[in-house]
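Take a look at the model shown here.

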Amino acid sequence: MKAAGDVRGFLVDGFPRNQNNLEGWNAEMTGKVDEKFVLYLSCPVDICISRCLNRGQGRTDDNEESLKKRVVTYNSQTFPIIEHFEKSGQVREVKSERPVEEVYADVVKLFS
């Protein structure tokens, strides 16, 4: 980030994912960054699992059992972080069960 020079901002993807990440972020970044919002791409679990199973990336952990375990981890560790940011009005939700072009258009609007 330091080497990027004069840029308008950064998208930090998938972070913080749990309470420990959030505490570390706050300890290191409070007063140093101007967080605009948290982008939350919501999608029903069954669609997420189906997409992962059909994404064709050949990941060894792209099986139904592993994906269901990831959902449990997400619900217990990551979703509370989203709720934390919702309390401060920082979450911008985009419903992502729709076609990719529609989701992308909504995301672009948020960053404009």
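Start with Asp34 and Lys36: both are exposed, meaning that each has over 50% relative accessible area; under 20% is buried, and partly exposed lies in between (1.4 Å probe, protein chains only). Asp34 and Lys36 form a salt bridge, with their closest N and O atoms 2.6 Å apart. A salt bridge here is a side-chain nitrogen of Lys or Arg within 4 Å of a carboxyl oxygen of Asp or Glu. Side chains of opposite charge can pair when their charged atoms come close. By this rule, the count is nine salt bridges.

A word on the source. This is a predicted model, in which local features need pLDDT of at least 70 and side-chain atom pairs count only at pLDDT 80 or more, while totals for chains, interfaces and linings use all residues. Residues are numbered from 1 along each chain as its sequence is written, and side-chain values use heavy atoms, leaving out hydrogens and water.

Now step back to the fold. The protein chain has four helices and two strands. From the N terminus on, the order is α-β-α-α-β-α. These elements are DSSP runs, numbered from the N terminus: helices are H or I with at least four residues, strands are E with at least two. Of the 112 residues of the protein chain, 18% count as buried.

Next, go to helix α3 (residues 64-87), where Gln77 lies. Gln77 is partly exposed, at 38% relative accessibility. Leaving aside neighbours within four places in sequence, Gln77 is in contact (heavy atoms within 4.5 Å) with Arg17 and Asn18. Gln77 and Asn18 are 59 residues apart in sequence, yet their C-alpha atoms are 5.0 Å apart in space.

Helix α3 also holds a charged pair. Lys68 and Glu64 meet in a salt bridge (3.3 Å, N to O). Why about one helical turn between them? Lys68 and Glu64 are separated by about one helical turn because they are four residues apart in helix α3. Lys68 is partly exposed at 45% relative accessible area, and Glu64 is partly exposed at 43%.

Finish in helix α4 (residues 100-111). There, Lys109 and Asp106 are three residues apart, so about one helical turn separates them. Their side chains meet in a salt bridge (3.8 Å, N to O). Lys109 is exposed, at 61%. Asp106 is partly exposed, at 25%. Salt bridges that share partners join Arg98, Glu102, Asp106 and Lys109 into one network.
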